[in-house]
Amino acid sequence: MFGPWSEIDTDCCQHIRNDGDVYEMIQCVWLDTTDDDREEGLHEYCIVRMDINLNDYTDEEKEMFLSSYGYTLDSVATEYGDAADSIIAECILESEILRDSCVIADADSFEEAQKIVLKYMME
C-alpha cells in the first residue's frame with residue numbers, strides 16, 4: 001500500500017509517494033509553446049507520472065543518476081540516513097520522468113495542470 005503523497009517542488013507541483021522499494025512521482029511540466037503552437041492545438045503543460053522500483057537498478061546505475069545531482073551512494077547515505085532511498089528514487093524519477101511515455105494528461109495553464117495532479121492524487 002502506497003503511503004501519502006509528499007510535495008517535493010511547488011514550482012512544478014511535483015509529488016512523490018512510496019510503497020517500500022517502489023516510488024511513484026507526478027508533476028507538471030511547462031512546454032515551450034508559441035502562440036502558433038497553441039493555435040495548432042498544442043498545450044502549454046503536460047502532466048507526467050512514473051513508478052520505479054529501486055530493486056530494478058544496480059548500484060552503478062544509482063551512482064550514475066545520483067552523480068547528476070552531485071551525490072554518491074555514500075554521500076546520500078551519510079547525509080540523509082534512513083531517507084537515502086527516497087533521495088535516490090527522486091533523482092532517478094527526475095531523470096526519467098520526462099519521457100513521452102510518462103505523459104498522462106495535457107493542460108493549457110499551470111492552474112489547470114495543478115488541478116489534474118491534485119485529482120490524480122485523490123484517486
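## Buried polar residues and a cysteine pair

Cys13 is buried, its relative accessible area being 3%. The model in which this residue is described is a predicted one, and the values below are therefore computed from predicted coordinates.

**The chain as a whole**

The protein chain contains five helices and five strands, and when these elements are read along the sequence they follow the pattern β-β-β-α-β-α-α-α-β-α. Taken along the principal axes, the C-alpha atoms fill a box of roughly 50 × 30 × 25 Å. The chain has 123 residues, of which 38% count as buried.

Cys13 sits in the loop between strand E1 (6–9) and strand E2 (14–19). The backbone of Cys13 has a phi near 55°, which is a positive value in a residue other than glycine. Most residues other than glycine have a negative phi.

In total, the structure holds zero disulfides.

**Gln27 and Glu24 in strand E3**

Strand E3 covers residues 22–30 and includes Gln27; Glu24 is found in strand E3 too. With a relative accessible area of 8%, Gln27 is buried, and Glu24, at 2% relative accessibility, likewise counts as buried.

Which side chain is joined to that of Gln27 by a polar contact? The partner is Gln14, at 2.6 Å. Beyond residues up to four places away in sequence, Gln27 touches Cys12, Cys13, Gln14, Cys46, Ile47, Val48, Ile97, Leu98 and Val117, so that Cys13, described above, is one of the contacts of this glutamine.

The side chain of Glu24 takes part in a polar contact of 2.7 Å with the side chain of Arg17, and in another, of 3.0 Å, with the side chain of Arg49. Leaving aside neighbours within four places in sequence, the residues in contact with Glu24 are Phe2, Trp5, His15, Ile16, Arg17, Arg49, Met50, Asp51, Leu93 and Tyr120, a list that includes both arginines.

**Helix H4 and its crossing with H2**

Helix H2 (residues 59–67) and helix H4 (residues 84–96) have axes that come within 9 Å and cross at roughly 75°. Because angles of 65 to 115 degrees count as roughly perpendicular, H2 and H4 are roughly perpendicular to each other. On the H2 side the contact is made by Lys62, Phe65 and Leu66, and on the H4 side by Ile88, Cys91, Ile92, Ser95 and Glu96. These residues divide into five nonpolar, one polar and two charged.

Helix H4 also holds Glu90 and Ser86. Is Glu90 buried or exposed? Glu90 is buried, with a relative accessible area of 17%, which is under the 20% cut-off. Not counting residues up to four places away in sequence, Glu90 touches Ile8, Gln14, Ile16 and Met25. From C-alpha to C-alpha, Glu90 and Leu66 are 9.4 Å apart in space and 24 residues apart in sequence. Ser86, by contrast, is partly exposed, with a relative accessible area of 27%. The C-alpha atoms of Ser86 and Val48 are 19 Å apart, for a separation of 38 residues in sequence.

The accessibilities of the residues discussed are gathered here.

| Residue | Relative accessible area | Class |
|---|---|---|
| Cys13 | 3% | buried |
| Glu24 | 2% | buried |
| Gln27 | 8% | buried |
| Ser86 | 27% | partly exposed |
| Glu90 | 17% | buried |

Definitions and conventions
Residues are numbered from 1 along each chain as its sequence is written. This is a predicted model: local features need pLDDT of at least 70, side-chain atom pairs count only at pLDDT 80 or more; totals for chains, interfaces and linings use all residues. Side-chain values use heavy atoms; hydrogens and water are left out. Axes are lines fitted to C-alpha atoms, for helices over the stretch in contact, and angles run from 0 to 180 degrees between N-to-C directions. Helices (H or I, at least four residues) and strands (E, at least two) are DSSP runs, numbered from the N terminus. Angles under 35 degrees count as roughly parallel, over 145 as roughly antiparallel, 65 to 115 as roughly perpendicular and the rest as oblique. Contact means heavy atoms within 4.5 Å. Ala, Val, Leu, Ile, Met, Phe, Trp, Tyr, Cys and Pro count as nonpolar, Asp, Glu, Lys and Arg as charged, and the others, Gly among them, as polar. A disulfide is a pair of cysteine sulfur atoms within 2.5 Å. Buried means under 20% relative accessible area, exposed over 50%, partly exposed in between (1.4 Å probe, protein chains only). A polar contact is a pair of N or O atoms within 3.5 Å; within protein, one must be able to donate a hydrogen and the other to accept it, and residues adjacent in sequence count only if both atoms are side-chain atoms.
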